[in-house]
Amino acid sequence: MPTGSGKTRTAVNVMCTLIRQKTERFVIVWLANKEELCDQAYEEFYKSWQIIGNQTIKIFKHFGGKKSNLTEIAEYSQKGSAVIFSSLDMMYEDLTSNISSVMSLSQNVGLVVMDEAHLTIARTYKNIIENLAPTNTTGILGLSATPGRSYRNVEEDIELKNFYFGQKVSLKVEGEKNIINWLIKNKYLAKADIKRIDFEANLANLFTKKEIEIELERIREGKDYSKAFRKKLSNDNERTEFIINLIKEESKSGKKIIVFAGTKDNAIAISDILNINGINSASITSSTESELRKNSIEKFRKSNSGL
(Lines give C-alpha, C1' and ligand atoms only; values in the text may rest on other atoms or scores of the structure.)
Protein backbone atom coordinates (compact mmCIF):
# COMPACT_ATOMS: atom_id res chain seq x y z
CA MET A 1 0.00 0.00 0.00
CA PRO A 2 1.34 3.47 -0.87
CA THR A 3 2.57 5.72 1.93
CA GLY A 4 -0.38 7.53 3.49
CA SER A 5 -3.03 5.10 2.25
CA GLY A 6 -3.65 3.47 5.63
CA LYS A 7 -1.16 0.60 6.16
CA THR A 8 -0.92 1.21 9.90
CA ARG A 9 -4.66 1.48 10.42
CA THR A 10 -5.29 -1.63 8.31
CA ALA A 11 -2.73 -3.64 10.31
CA VAL A 12 -4.16 -2.37 13.61
CA ASN A 13 -7.60 -3.54 12.52
CA VAL A 14 -6.17 -7.02 11.88
CA MET A 15 -4.51 -6.99 15.30
CA CYS A 16 -7.69 -5.92 17.08
CA THR A 17 -9.72 -8.60 15.29
CA LEU A 18 -7.27 -11.32 16.32
CA ILE A 19 -7.14 -10.27 19.98
CA ARG A 20 -10.91 -9.95 20.21
CA GLN A 21 -11.19 -13.60 19.11
CA LYS A 22 -8.71 -14.86 21.72
CA THR A 23 -9.81 -15.70 25.23
CA GLU A 24 -6.41 -16.90 26.45
CA ARG A 25 -3.08 -15.05 26.45
CA PHE A 26 -2.13 -13.84 23.00
CA VAL A 27 0.86 -11.64 22.23
CA ILE A 28 1.51 -9.42 19.23
CA VAL A 29 4.87 -7.79 18.53
CA TRP A 30 5.07 -4.76 16.25
CA LEU A 31 8.58 -4.07 14.90
CA ALA A 32 9.78 -0.87 13.24
CA ASN A 33 13.17 0.59 12.41
CA LYS A 34 12.35 4.06 13.75
CA GLU A 35 10.99 5.13 17.13
CA GLU A 36 8.59 7.53 15.41
CA LEU A 37 6.97 4.62 13.53
CA CYS A 38 6.67 2.66 16.79
CA ASP A 39 5.00 5.61 18.49
CA GLN A 40 2.62 6.18 15.58
CA ALA A 41 1.51 2.54 15.62
CA TYR A 42 1.20 2.59 19.43
CA GLU A 43 -1.11 5.63 19.34
CA GLU A 44 -3.22 4.16 16.53
CA PHE A 45 -3.69 0.84 18.34
CA TYR A 46 -4.40 2.53 21.68
CA LYS A 47 -7.18 4.65 20.15
CA SER A 48 -8.67 1.71 18.26
CA TRP A 49 -8.69 -0.67 21.22
CA GLN A 50 -10.44 1.89 23.41
CA ILE A 51 -13.32 1.84 20.91
CA ILE A 52 -13.56 -1.81 19.83
CA GLY A 53 -11.65 -3.70 22.53
CA ASN A 54 -13.52 -6.43 24.40
CA GLN A 55 -11.02 -7.25 27.16
CA THR A 56 -8.20 -5.78 29.20
CA ILE A 57 -4.78 -6.13 27.61
CA LYS A 58 -1.36 -4.69 28.34
CA ILE A 59 0.34 -2.41 25.80
CA PHE A 60 4.11 -2.08 26.09
CA LYS A 61 6.53 0.45 24.63
CA HIS A 62 9.87 -1.21 23.92
CA PHE A 63 11.62 1.75 22.35
CA GLY A 64 12.95 5.15 23.26
CA GLY A 65 14.11 4.20 26.75
CA LYS A 66 17.71 3.93 27.84
CA LYS A 67 17.20 0.41 29.17
CA SER A 68 15.24 -2.48 27.71
CA ASN A 69 12.15 -3.65 29.61
CA LEU A 70 11.89 -6.98 27.77
CA THR A 71 12.31 -9.05 30.93
CA GLU A 72 9.19 -7.44 32.40
CA ILE A 73 7.34 -7.88 29.09
CA ALA A 74 8.26 -11.55 28.82
CA GLU A 75 7.11 -12.24 32.38
CA TYR A 76 3.75 -10.58 31.75
CA SER A 77 3.26 -12.50 28.50
CA GLN A 78 3.13 -15.73 30.48
CA LYS A 79 -0.10 -14.66 32.18
CA GLY A 80 -1.97 -12.24 29.91
CA SER A 81 -2.51 -10.85 26.43
CA ALA A 82 -0.20 -8.06 25.36
CA VAL A 83 0.83 -5.92 22.42
CA ILE A 84 4.46 -4.82 22.23
CA PHE A 85 5.70 -1.98 20.05
CA SER A 86 9.45 -2.37 19.65
CA SER A 87 12.25 -0.73 17.75
CA LEU A 88 14.35 -3.21 15.82
CA ASP A 89 17.56 -1.91 17.34
CA MET A 90 16.36 -2.43 20.91
CA MET A 91 15.04 -5.90 20.13
CA TYR A 92 18.36 -6.81 18.52
CA GLU A 93 20.18 -5.68 21.66
CA ASP A 94 17.96 -8.07 23.64
CA LEU A 95 18.65 -10.82 21.15
CA THR A 96 22.37 -10.48 21.80
CA SER A 97 22.29 -9.80 25.54
CA ASN A 98 18.97 -11.14 26.87
CA ILE A 99 18.13 -14.11 24.65
CA SER A 100 16.29 -15.92 27.45
CA SER A 101 13.62 -13.19 27.60
CA VAL A 102 13.26 -13.25 23.80
CA MET A 103 12.74 -17.02 23.90
CA SER A 104 10.27 -16.72 26.78
CA LEU A 105 8.31 -14.05 24.94
CA SER A 106 8.22 -16.06 21.69
CA GLN A 107 6.30 -18.88 23.40
CA ASN A 108 3.13 -16.77 23.38
CA VAL A 109 3.64 -14.60 20.29
CA GLY A 110 0.77 -15.17 17.87
CA LEU A 111 1.61 -12.43 15.38
CA VAL A 112 4.69 -10.41 14.42
CA VAL A 113 4.06 -7.23 12.44
CA MET A 114 7.08 -5.91 10.52
CA ASP A 115 6.75 -2.28 9.50
CA GLU A 116 8.86 -1.29 6.47
CA ALA A 117 8.82 -4.98 5.51
CA HIS A 118 11.26 -4.47 2.62
CA LEU A 119 13.93 -4.37 5.37
CA THR A 120 13.02 -7.90 6.51
CA ILE A 121 15.85 -9.66 4.70
CA ALA A 122 18.57 -7.61 6.39
CA ARG A 123 20.44 -10.30 8.31
CA THR A 124 19.94 -8.88 11.81
CA TYR A 125 16.28 -7.98 11.25
CA LYS A 126 15.50 -11.36 9.75
CA ASN A 127 17.13 -12.97 12.77
CA ILE A 128 14.84 -10.99 15.10
CA ILE A 129 11.68 -12.08 13.30
CA GLU A 130 12.73 -15.73 13.14
CA ASN A 131 13.41 -15.79 16.88
CA LEU A 132 10.09 -14.14 17.75
CA ALA A 133 8.24 -16.46 15.35
CA PRO A 134 10.20 -19.74 15.65
CA THR A 135 7.38 -21.98 14.38
CA ASN A 136 4.87 -21.94 11.51
CA THR A 137 2.04 -21.36 13.99
CA THR A 138 3.07 -17.71 14.47
CA GLY A 139 1.75 -15.29 11.87
CA ILE A 140 4.02 -12.72 10.24
CA LEU A 141 2.55 -9.61 8.64
CA GLY A 142 4.80 -7.30 6.64
CA LEU A 143 3.86 -3.72 5.75
CA SER A 144 5.58 -1.83 2.97
CA ALA A 145 5.01 0.87 0.39
CA THR A 146 8.02 -0.48 -1.54
CA PRO A 147 7.81 -4.30 -1.40
CA GLY A 148 10.15 -4.74 -4.37
CA ARG A 149 13.65 -3.31 -4.61
CA SER A 150 14.68 -4.70 -8.00
CA TYR A 151 16.51 -1.52 -8.85
CA ARG A 152 19.05 -2.59 -6.24
CA ASN A 153 19.13 -6.35 -6.35
CA VAL A 154 16.70 -8.77 -7.99
CA GLU A 155 17.90 -11.57 -5.71
CA GLU A 156 16.81 -9.51 -2.69
CA ASP A 157 13.33 -9.17 -4.20
CA ILE A 158 13.10 -12.92 -4.59
CA GLU A 159 14.35 -13.52 -1.06
CA LEU A 160 11.78 -11.07 0.32
CA LYS A 161 9.01 -12.71 -1.70
CA ASN A 162 10.00 -16.18 -0.47
CA PHE A 163 10.19 -15.04 3.16
CA TYR A 164 6.50 -14.09 3.00
CA PHE A 165 5.66 -17.17 0.92
CA GLY A 166 4.74 -15.01 -2.08
CA GLN A 167 1.59 -13.79 -0.30
CA LYS A 168 1.52 -10.12 -1.28
CA VAL A 169 -1.74 -8.26 -0.71
CA SER A 170 -2.05 -4.96 -2.58
CA LEU A 171 -4.56 -2.16 -2.46
CA LYS A 172 -6.85 -2.53 -5.46
CA VAL A 173 -9.79 -0.54 -6.79
CA GLU A 174 -12.01 -2.09 -9.46
CA GLY A 175 -11.39 -0.53 -12.86
CA GLU A 176 -8.37 1.47 -11.70
CA LYS A 177 -4.92 0.55 -13.00
CA ASN A 178 -2.89 3.21 -11.18
CA ILE A 179 -3.82 3.14 -7.50
CA ILE A 180 -1.67 6.16 -6.60
CA ASN A 181 -3.44 8.34 -9.18
CA TRP A 182 -6.77 7.14 -7.80
CA LEU A 183 -5.74 8.03 -4.23
CA ILE A 184 -4.61 11.48 -5.35
CA LYS A 185 -7.76 12.05 -7.44
CA ASN A 186 -9.95 11.14 -4.46
CA LYS A 187 -7.87 13.29 -2.10
CA TYR A 188 -6.53 10.49 0.06
CA LEU A 189 -3.02 11.54 -0.94
CA ALA A 190 -1.53 14.90 -1.86
CA LYS A 191 0.08 15.41 -5.23
CA ALA A 192 3.81 15.69 -4.67
CA ASP A 193 5.93 18.33 -6.35
CA ILE A 194 9.42 16.94 -5.80
CA LYS A 195 12.38 19.30 -5.87
CA ARG A 196 15.93 18.17 -5.29
CA ILE A 197 17.86 20.23 -2.74
CA ASP A 198 21.63 19.96 -2.84
CA PHE A 199 23.56 20.34 0.39
CA GLU A 200 26.96 18.80 0.94
CA ALA A 201 27.69 18.13 4.59
CA ASN A 202 31.35 17.88 5.54
CA LEU A 203 31.21 14.26 6.73
CA ALA A 204 34.94 14.24 7.53
CA ASN A 205 34.35 16.90 10.20
CA LEU A 206 31.25 15.23 11.59
CA PHE A 207 32.27 11.57 11.67
CA THR A 208 35.32 9.44 12.15
CA LYS A 209 36.39 7.04 9.41
CA LYS A 210 35.22 4.15 11.59
CA GLU A 211 31.75 5.68 12.05
CA ILE A 212 31.35 6.13 8.30
CA GLU A 213 32.43 2.52 7.70
CA ILE A 214 29.83 1.31 10.22
CA GLU A 215 27.04 3.25 8.47
CA LEU A 216 28.10 1.94 5.05
CA GLU A 217 27.95 -1.59 6.44
CA ARG A 218 24.43 -0.93 7.80
CA ILE A 219 23.34 0.27 4.35
CA ARG A 220 24.83 -2.83 2.70
CA GLU A 221 22.83 -4.96 5.14
CA GLY A 222 19.63 -3.11 4.18
CA LYS A 223 19.36 -1.24 7.49
CA ASP A 224 18.48 2.40 8.02
CA TYR A 225 21.01 4.95 9.28
CA SER A 226 21.76 4.51 12.98
CA LYS A 227 20.29 6.80 15.61
CA ALA A 228 23.79 8.04 16.48
CA PHE A 229 24.50 8.91 12.84
CA ARG A 230 21.24 10.83 12.43
CA LYS A 231 21.88 12.68 15.69
CA LYS A 232 25.32 13.86 14.62
CA LEU A 233 24.07 14.88 11.20
CA SER A 234 21.15 16.78 12.74
CA ASN A 235 23.54 18.61 15.05
CA ASP A 236 25.34 20.12 12.05
CA ASN A 237 24.54 23.83 12.48
CA GLU A 238 25.18 24.67 8.83
CA ARG A 239 22.72 22.01 7.73
CA THR A 240 20.07 23.21 10.20
CA GLU A 241 20.55 26.82 9.09
CA PHE A 242 20.21 25.73 5.45
CA ILE A 243 16.91 23.95 6.22
CA ILE A 244 15.54 26.94 8.17
CA ASN A 245 16.34 29.32 5.29
CA LEU A 246 14.50 27.00 2.89
CA ILE A 247 11.47 27.00 5.19
CA LYS A 248 11.55 30.78 5.48
CA GLU A 249 11.56 31.13 1.69
CA GLU A 250 8.78 28.56 1.23
CA SER A 251 6.64 30.19 3.95
CA LYS A 252 6.30 33.32 1.80
CA SER A 253 3.87 31.37 -0.43
CA GLY A 254 1.43 31.09 2.48
CA LYS A 255 1.17 27.33 2.07
CA LYS A 256 1.29 24.81 4.91
CA ILE A 257 4.70 23.21 5.48
CA ILE A 258 5.58 19.88 7.09
CA VAL A 259 9.23 19.23 7.95
CA PHE A 260 10.53 15.76 8.83
CA ALA A 261 13.58 16.36 10.99
CA GLY A 262 16.38 13.88 11.58
CA THR A 263 15.94 13.71 15.36
CA LYS A 264 13.58 14.81 18.10
CA ASP A 265 15.95 17.53 19.32
CA ASN A 266 16.47 18.80 15.78
CA ALA A 267 12.70 19.07 15.25
CA ILE A 268 12.30 21.07 18.46
CA ALA A 269 15.26 23.33 17.60
CA ILE A 270 13.97 24.10 14.09
CA SER A 271 10.50 24.88 15.46
CA ASP A 272 11.86 27.16 18.19
CA ILE A 273 14.05 29.10 15.75
CA LEU A 274 11.15 29.54 13.33
CA ASN A 275 8.93 30.88 16.11
CA ILE A 276 11.65 33.35 17.12
CA ASN A 277 11.73 34.50 13.50
CA GLY A 278 8.00 35.12 13.44
CA ILE A 279 6.95 31.92 11.66
CA ASN A 280 4.25 30.17 13.72
CA SER A 281 5.49 26.59 14.19
CA ALA A 282 4.87 23.52 16.35
CA SER A 283 7.01 20.43 16.82
CA ILE A 284 5.59 16.94 17.30
CA THR A 285 7.83 14.15 18.55
CA SER A 286 7.47 10.82 20.32
CA SER A 287 7.61 12.74 23.62
CA THR A 288 4.81 15.18 22.79
CA GLU A 289 1.81 14.75 25.10
CA SER A 290 -1.21 13.32 23.30
CA GLU A 291 -3.45 16.33 23.97
CA LEU A 292 -0.84 18.79 22.72
CA ARG A 293 -0.19 16.58 19.68
CA LYS A 294 -3.91 16.46 18.90
CA ASN A 295 -4.34 20.23 19.28
CA SER A 296 -1.31 21.00 17.09
CA ILE A 297 -2.51 18.70 14.31
CA GLU A 298 -6.04 20.11 14.41
CA LYS A 299 -4.68 23.65 14.34
CA PHE A 300 -2.41 22.79 11.40
CA ARG A 301 -5.33 21.40 9.43
CA LYS A 302 -7.29 24.64 9.72
CA SER A 303 -6.45 26.94 6.83
CA ASN A 304 -6.84 30.14 8.85
CA SER A 305 -5.06 29.05 12.05
CA GLY A 306 -1.75 30.70 11.20
CA LEU A 307 0.18 27.54 12.09
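Predicted model: local features only at pLDDT ≥ 70, side-chain atom pairs only at ≥ 80, totals over all residues.
**Second largest pocket**

The second largest pocket holds about 1,100 Å³ of space. Of the elements, α7 gives the most, with 5 residues. In total, 37 residues line the pocket, and those nearest its centre are G142, Y164, Q167, K168 and V169. Sorted by class, the lining comprises 20 nonpolar, 12 polar and 5 charged residues.

**Cysteines**

How many disulfides does the structure hold? The number is 0. For C16, the closest cysteine sulfur is that of C38, and at 17 Å it is too far away for a bond. A disulfide would need the two sulfur atoms within 2.5 Å. Seen from the other residue, C38 is in no disulfide, and its nearest cysteine sulfur is that of C16, 17 Å away. C16 counts as buried because its relative accessibility is 0%. C38 also has a relative accessibility of 0%, so C38 counts as buried.

**Helix α3**

Helix α3 spans residues 70-77, and its buried residues are L70, I73, A74 and S77. These residues lie on the same side of α3, because they cover an arc of only 95° around the axis. An α-helix has 3.6 residues a turn, so residues three or four places apart point the same way. Several elements take part in covering the buried residues of α3. Among them are the strands β1 (27-32), β2 (58-62) and β3 (82-87), and the helices α4 (88-97) and α5 (99-106) are included too.

N98 sits in the loop between α4 and α5.

**Loop residues**

| Residue | Relative accessible area | Class |
|---|---|---|
| S144 | 10% | buried |
| N98 | 17% | buried |
| E116 | 25% | partly exposed |
| K187 | 76% | exposed |

S144 belongs to the loop between β5 and α7. Which residues are in contact with S144, leaving aside its neighbours within four places in sequence? They are M1, K7, A117 and H118. The C-alpha atom of S144 is separated by 9.1 Å from that of L119, a residue 25 residues apart from S144 along the chain. With a relative accessible area of 10%, S144 falls under the 20% cut-off and is therefore buried.

E116 is placed in the loop between β4 (109-114) and α6 (123-132). Its phi is near 50°, which is a positive value in a residue other than glycine. E116 has a relative accessible area of 25% and is therefore partly exposed.

K187 lies in the loop between α8 (179-185) and α9 (203-206). K187 is not a glycine, yet it has a positive phi of about 65°. Is K187 buried or exposed? With a relative accessible area of 76%, K187 is over the 50% cut-off and so counts as exposed.

Methods. Residues numbered from 1 in each chain as written. Heavy atoms only, no water. 1 Å grid on protein atoms, 1.4 Å probe; cavity = no way out; pocket = protein on both sides within 12 Å on 5 of 7 lines; lining within 4 Å. Points joined across faces, edges and corners; volume = space filled by probe spheres on them. Helix = DSSP H or I, 4+ residues; strand = E, 2+ residues; numbered from the N terminus. Nonpolar A, V, L, I, M, F, W, Y, C, P; charged D, E, K, R; others polar. Buried < 20%, exposed > 50% of the residue type's maximum accessible area, 1.4 Å probe, protein only. Arc of directions from axis to C-beta. Contact = heavy atoms within 4.5 Å.
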